Amino acid sequence: MQKGNWRALLPIGVFLFLYLGLGLLFEYGLGIAMGFYNIPIVVSFLVALLVAFIQNPALKFDEKLEVIAKGVGDKNIITMILIFLTAGVFVGVVGRSSAESVAYFLLSIFPAQFAVLVLFIVSCFVSLAMGTSVGTITLITPISIAVANASGFSPALCVGTVISGAMFGDNLSFISDTTIAACNGQGCEMKDKFKANFFIALPAAIASTVIILALSLNNEVTAGVDLSYNLVQIVPYILVLIGGIVGINVFIVLLIGITSGAFIMLVTNATAPTDLLANMGSGVSGMYETIMVTILVSAICALIREYGGFQAILSFIRRVFKNTKGGKLGMGLLVGAMDIATANNTVAIVMANPIAKEISEEYDISPKNAASILDTFSCIFQSIIPYGAQILVAISAATELGCELSAFDIIPNLFYPYMLLISCLIAIFAFGEKKKQ
């Protein structure tokens, strides 16, 4: 058995110092708006990769390149990158006007008393369809502020509800970066991970609905929101959702979404023919950073594994967590720690994937449950850290509309992430692992 080597984890420490340390300094020390995201994550990982190269002089330079090539060239990594690219084209083709149509449609048919609940449902659906929590928050937060101003509901409650719903879809969507990363990293089908994840997320969503409904009924409402919508534009999203749930290959599902989306957007004149290809390019460009991070993290992790870093972590987990349930909790805390450090749940999953894979083999955890735990815990932590993109984007969108909110106004209203944590812990400790699949 390979001997554990804690020094092999130095590249991760260097990355954390550059990205987390400087990010916190910029955001809270120097007071730079969105300062945490002024730190180039790709450059931070490049420096960490350089440190990994310098380590272990016993290996020649060419031998280190071979180790990296094997890590980056893994089938799951290549598949992940191709899915990222295809998903980017889909989002670029369909656009975001359909998300607003869903929101305005539901707000027009339900009484104003249930406006906050509608925001939660809309955010769940839009994020599930789009596969992005930040995109959902960017779209729906302005609507939530309009709801707050028109109805009398607290802006912090409305914005917190939108973030909660956005994380529901981020966790479950078939085209979410986190789902793609977790499933390919653990080697499981997306439909299998969805089923395992759904029975954790559903109770949390129901509990959140009850809480929101109870708060809504105790609030005095003054008026509602009434704006135009076009429901035809949500058809591509619905096709992608149905195809994913049925179990059709993810590439075929996305191609169906792209084709139907292009046709509908052109027929309804939502997009000019000359703009369609440009939108596809923009969608793919939006995946650039995620793809580069995936490649760099794969390279770094390959060298860390070669030097014995993963074995050191596994040895620690063996000492602390003694059974399958403990292994699941250890896996969840591992990806949570990565997310606190990076403030990016996709990056956290990509970094945790290789270690989690070995944990799942060590503790006989099925790939679908491992992927579900990684995705769920990363979304829980990502949604509640005050320097995460989700909260910062929501604050920025609200501020542009003249609504001053702080992260600590919003965090107490993030009901879904808290319910999801409780649901996940119950699933880990109350239900045993079935036969590995």
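Reader: What percentage of the 437 residues in the chain is buried?

Author: Buried residues make up 56% of the 437; buried means under 20% relative accessible area, exposed over 50%, and partly exposed in between, with a 1.4 Å probe and protein chains only. The model is predicted, so local features need pLDDT of at least 70 and side-chain atom pairs pLDDT 80 or more, while totals for chains, interfaces and linings use all residues. Residues are numbered from 1 along each chain as its sequence is written, and side-chain values use heavy atoms, without hydrogens or water.

Reader: How many helices and strands are there in the chain?

Author: Helices (H or I, at least four residues) and strands (E, at least two) are DSSP runs, numbered from the N terminus. Here there are 21 helices and zero strands. The chain is as compact as a globular protein of its length, because its radius of gyration is 22 Å, close to the 22 Å from the globule rule for 437 residues. That radius is taken over C-alpha atoms, and the rule is 2.2 Å times the number of residues to the power 0.38. The C-alpha trace spans about 70 × 50 × 50 Å along its principal axes.

Reader: What share of contacts between residues at least 6 apart in sequence joins residues at least 24 apart?

Author: A contact means heavy atoms within 4.5 Å. Of those contacts in this chain, 80% join residues at least 24 apart.

Reader: Where in helix α7 does a kink lie?

Author: The bend at a residue is the angle between axes fitted to the seven residues ending there and the seven starting there. In α7 (residues 133-151), a kink of about 35° lies at I140, shortly before the proline P142. Just after α7, G152 has a positive phi of about 100°.

Reader: Which residues have a positive phi although they are not glycines?

Author: N56 is one, with a phi of about 55°. N56 sits in the loop between α2 (41-54) and α3 (61-72), and a relative accessible area of 25% makes N56 partly exposed. D364 is another, also with a positive phi of about 55°. The loop holding D364 runs between α17 (345-362) and α18 (367-384); D364 is partly exposed, at 44% relative accessibility.
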